[in-house]
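This report describes selected strands, side-chain contacts and ion pairs in the structure shown below.

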Amino acid sequence: MNDAPTQEQDAGIDQTYELDAPPQKVWRAISLPQFREQWLPGTDLADPQAETITPGAEVRYRMRDSAPPFLESTVTFRIAANADGGTSLRVIHRLVDVRSASRTQAANSNGMPVMRAA
């Protein structure tokens with residue numbers, strides 16, 4: 001397994017892993033609730049049912065933070081057979097909550113700090 005991150009973007013994380021397991025086995029682990037619960041519990045999901053699914057290729061779940069402000073995101077798992085007989089697993093995690101847009105300002109933006117008097 002190669003777990004080196006391949007790409008991180010502003011709105012999320014995008015990583016690809018090379019697994020020794022065949023695609024059918026990886027597909028069961030990411031798509032069947034009884035297997036998925038072992039590494040992605042339903043309590044971390046906004047809905048335990050997949051948001052979208054392309055059998056054998058891609059599944060997307062909607063997640064929700066467990067603490068306020070309970071921001072929502074999506075995590076997409078894409079699989080494909082690799083040349084070694086294993087599986088390339090791409091994990092794409094995106095923050096989709098509209099409330100997060102105002103939270104992405106950099107701390108060193110050189111903007112004037114806003115102070116309010118009580």
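## Salt bridges around Glu 58

Glu 58 and Arg 60 form a salt bridge in which the closest N and O atoms are 3.7 Å apart, the term salt bridge being used for a side-chain nitrogen of Lys or Arg within 4 Å of a carboxyl oxygen of Asp or Glu. The model is a predicted one, in which local features need pLDDT of at least 70 and side-chain atom pairs count only at pLDDT 80 or more, whereas totals for chains, interfaces and linings use all residues. Residues are numbered from 1 along each chain as its sequence is written, and side-chain values use heavy atoms, with hydrogens and water left out.

Glu 58 also forms a salt bridge with Arg 78, and here the closest N and O atoms are 2.6 Å apart. This pair links distant parts of the chain, since Glu 58 belongs to strand β4 and Arg 78 to strand β5, 20 residues apart; strands (E, at least two residues) are DSSP runs, numbered from the N terminus, as are helices (H or I, at least four). Glu 58 counts as buried at 18% relative accessibility, while Arg 60, with a relative accessible area of 23%, is partly exposed, and Arg 78 is partly exposed at 33%. In these terms, buried means under 20% relative accessible area, exposed over 50%, and partly exposed in between, with a 1.4 Å probe and protein chains only.

## A second group of charged residues

Side chains of opposite charge can pair when their charged atoms come close. A search of the whole structure finds seven salt bridges, and one of them joins the side chains of Arg 64 and Glu 72, at 2.7 Å from N to O. Salt bridges with shared partners join Glu 51, Arg 62, Arg 64 and Glu 72 into one network.

Thr 54 has Glu 58 as its bridge partner in β4.

Strands β4 and β5 pair in the antiparallel sense over seven bridges, and the bridge partner of Glu 58 in β5 is Arg 78, the residue with which Glu 58 also forms a salt bridge.

Thr 74 lies in strand β5 and is buried, with a relative accessible area of 7%. Not counting residues up to four places away in sequence, Thr 74 touches Glu 51, Arg 60, Tyr 61, Arg 62, Ile 92, His 93, Arg 94 and Val 96, contact meaning heavy atoms within 4.5 Å.

Asn 82 is found in the loop between β5 (72–81) and β6 (87–95), and at 16% relative accessibility Asn 82 counts as buried. A polar atom of the Asn 82 side chain lies 3.1 Å from the backbone nitrogen of Asp 84. Leaving aside neighbours within four places in sequence, Asn 82 is in contact with Glu 18, Leu 19, Thr 87 and Ser 88.

Conventions: Polar contact = N/O pair within 3.5 Å; in protein donor to acceptor, adjacent residues only side chain to side chain. Pairing = 2+ DSSP bridges.
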